[in-house]
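Dear colleague,

I am handing over the structure below, followed by some notes on what was found in it. Please read the notes with the model open beside them.

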Amino acid sequence: MTSPSPSVTASADLEAALRESVAGAVPSALADLGDLVRIPGIAWPAFDQEQLVRSADAVAALATDTGVFDSVRVLRAAIPGTDELGQPAVLATRAARNGRPTILLYAHHDVQPPGDDALWETPPFEPTVRDGRLYGRGAADDKAGIMTHIAALRAVAETLGDDLDLGIALFVEGEEEYGSRSFAQFLRDNEDALRADAIVVADSGNWDSETPGLTVSLRGAARFTMTVRTLDHSSHSGMFGGAVPDAMMATVRLLDTLWDENGSVAVEGLRVRDAETPEYGENTLRAETGLLPGVSPIGEGTILGRIWNKPSVTIIGIDATSVEEASNTLAAQTRVVLSCRVAPGQSATEAYEALTAHLRAHAPFGAQLEFSDEDLGNPFLVDTAGWAVGLARAAMADGYGKDPVDVGIGGSIPFIADLVETFPAAQILVTGVEDPHSRAHSPNESLHLDTFRHSIATEALLLARMNEIQQ
C-alpha cells in the first residue's frame with residue numbers, strides 16, 4: 001500500500017464530533033468493563049473453565065452490538081502436540097471497502113488468578129471505583145484493552161456511519177495469561193480473516209497515568225521447571241545431616257550462582273542490549289514498586305536499562321515443606337520454577353540453553369538436575385520507521401494531549417513473534433491502558449480512569465484517520 005504521512009487526519013468537524021462521541025461513550029464503556037471484571041475467567045485448569053465461555057460470549061455480544069462487523073464468532077483452536085482445544089476466543093471481522101486498509105485489534109479476556117483474597121482491599125471480582133481508579137482483577141490487564149477497542153469502535157461507527165470503509169478485525173484471545181498455547185494454530189486456522197496492514201496489540205502500558213507510551217521493545221521469556229535430586233529417599237536430618245547433602249541445600253547453593261553480589265544476572269551467554277533509556281530515578285522506582293525503606297535496588301547501569309535491556313532471572317515457584325508441616329527431614333528432591341526475561345536481540349532458545357548449561361555446570365555436590373515444562377517466547381523490537389507508527393504517535397499526542405514516549409517493557413508478550421511470522425508485512429503497534437501503578441498480576445489491580453478515557457480517544461482517532469487512507 002502507499003505510505004501515508006503521519007500527519008493524516010480526518011476533517012476538523014469530524015474529529016470534533018468523534019471526540020464528543022468518545023466522551024459520551026465512556027460511562028457505558030466503564031459499565032461494560034465492570035460487567036466483564038465480574039466474570040472470573042481464568043485459563044488455569046484448577047479454575048472453573050465455564051467462566052471463560054461466559055467471558056467469551058460476553059465479548060462476542062459487545063462486538064455484535066457495535067454494528068460494525070460482518071461476522072462475529074467464538075472459536076477454539078487446537079493446542080499443537082496435544083488432543084486438546086485451546087480456550088474460546090472471539091473473532092469479529094468486516095471487509096475493507098473502497099480501497100481502504102485493514103486493521104487488526106487484539107486484546108485478551110482471560111485474567112490472572114486473584115491470589116490471596118486477604119491482600120485485596122476490595123473483592124477481586126467486584127469492580128470498585130475509588131480515588132479515580134477502577135479496582136478489580138482484569139480491570140487493567142486486559143479487559144480495559146477489550147473495552148478500549150469496543151468503545152472506540154462505537155464512537156467511530158456513530159460518527160462515520162456509512163462512511164466507515166476501514167477493514168477491521170477484532171481478535172480477543174482467551175488464554176494469554178496461560179501461555180497462549182493455541183495462539184499460533186489459531187492464526188493458521190484464521191489467517192485470511194486476520195490478515196491486516198496494521199495490528200494494535202492493546203496489552204502494554206504507558207509512561208505514566210498522563211503520558212502515553214508506545215511500546216517499541218519487549219523482553220522475551222524463558223520459563224522452565226528444574227528438579228534437583230540428591231537422595232533416592234528422604235532421611236532423618238539428625239541422623240545424617242552434616243554428611244549428606246539434601247536437595248534443598250543443593251538447590252539454594254545452586255540458585256545463588258545465578259546472580260552476582262549486586263544482584264545482576266551472572267550467567268555466561270545471556271546477552272545485554274545496548275540502547276539509551278529515558279531519565280528514571282530511584283525515587284520513581286520506589287514509588288512505583290513499593291520498594292521498602294532500607295532495601296536497595298539491584299543491578300548496575302541505568303534503572304530502565306536493567307528493566308528493558310538486560311536479562312533477569314526470578315524464582316517464581318518452589319516445592320518445599322510448609323512451615324506448619326516442617327519436620328527434621330533431609331529432602332530427596334526439590335522442584336523450582338525459574339522465569340528468565342531475555343534481552344531484545346537474543347532468542348529465547350539461546351537464553352534457555354545458556355541457563356541450563358550454567359545450572360548443570362554449577363550443580364553442587366554432584367546433584368542431579370532435570371529440566372521440564374519449557375515455555376519460550378522471543379523478544380520483540382518494533383520497526384519505528386513504518387507509517388502506522390507515525391499515525392499512532394500523532395493519535396496519542398492528540399488523544400492524551402501529551403506527546404508519547406517510546407518505551408521498553410520488561411515483561412513479555414511472546415505471541416507477538418507468532419504475529420510477525422504469520423503476517424510479516426503488517427506493522428505492529430503495541431499499546432495499552434496500564435500505568436506504573438496498575439499492579440497487573442498483583443492484588444489490587446486497577447485502571448486509571450483518565451488513562452482509559454484518553455486511550456479510547458486515541459484509538460478512535462487512529463481508526464478515523466486510517467479510514468482516510470486510500471491504498
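The radius of gyration of this predicted model is 24 Å, which agrees with the value near 23 Å that a compact globule of 471 residues would have, where the radius is taken over C-alpha atoms and the globule rule is 2.2 Å times the number of residues to the power 0.38. Along the principal axes, the C-alpha trace spans about 85 × 45 × 45 Å.

As for conventions, residues are numbered from 1 along each chain as its sequence is written. Because the model is predicted, local features need pLDDT of at least 70 and side-chain atom pairs count only at pLDDT 80 or more, while totals for chains, interfaces and linings use all residues, and side-chain values use heavy atoms, with hydrogens and water left out.

The protein has 13 helices and 18 strands, these being DSSP runs numbered from the N terminus (helices H or I, at least four residues; strands E, at least two). Of its 471 residues, 52% count as buried, that is, under 20% relative accessible area with a 1.4 Å probe, protein chains only.

The UniProt record, in an unreviewed entry, lists residues 217–364 as "domain: Peptidase M20 dimerisation", an annotation that may be inferred rather than shown by experiment. This span is 28% helix and 22% strand, and its end C-alpha atoms lie 37 Å apart.

Threonine 251 sits in helix H7 (residues 247–256) and is buried, with a relative accessible area of 0%. Leaving aside neighbours within four places in sequence, threonine 251 is in contact (heavy atoms within 4.5 Å) with Val228, Thr334 and Val336.

Conventions. Buried < 20%, exposed > 50% of the residue type's maximum accessible area, 1.4 Å probe, protein only.
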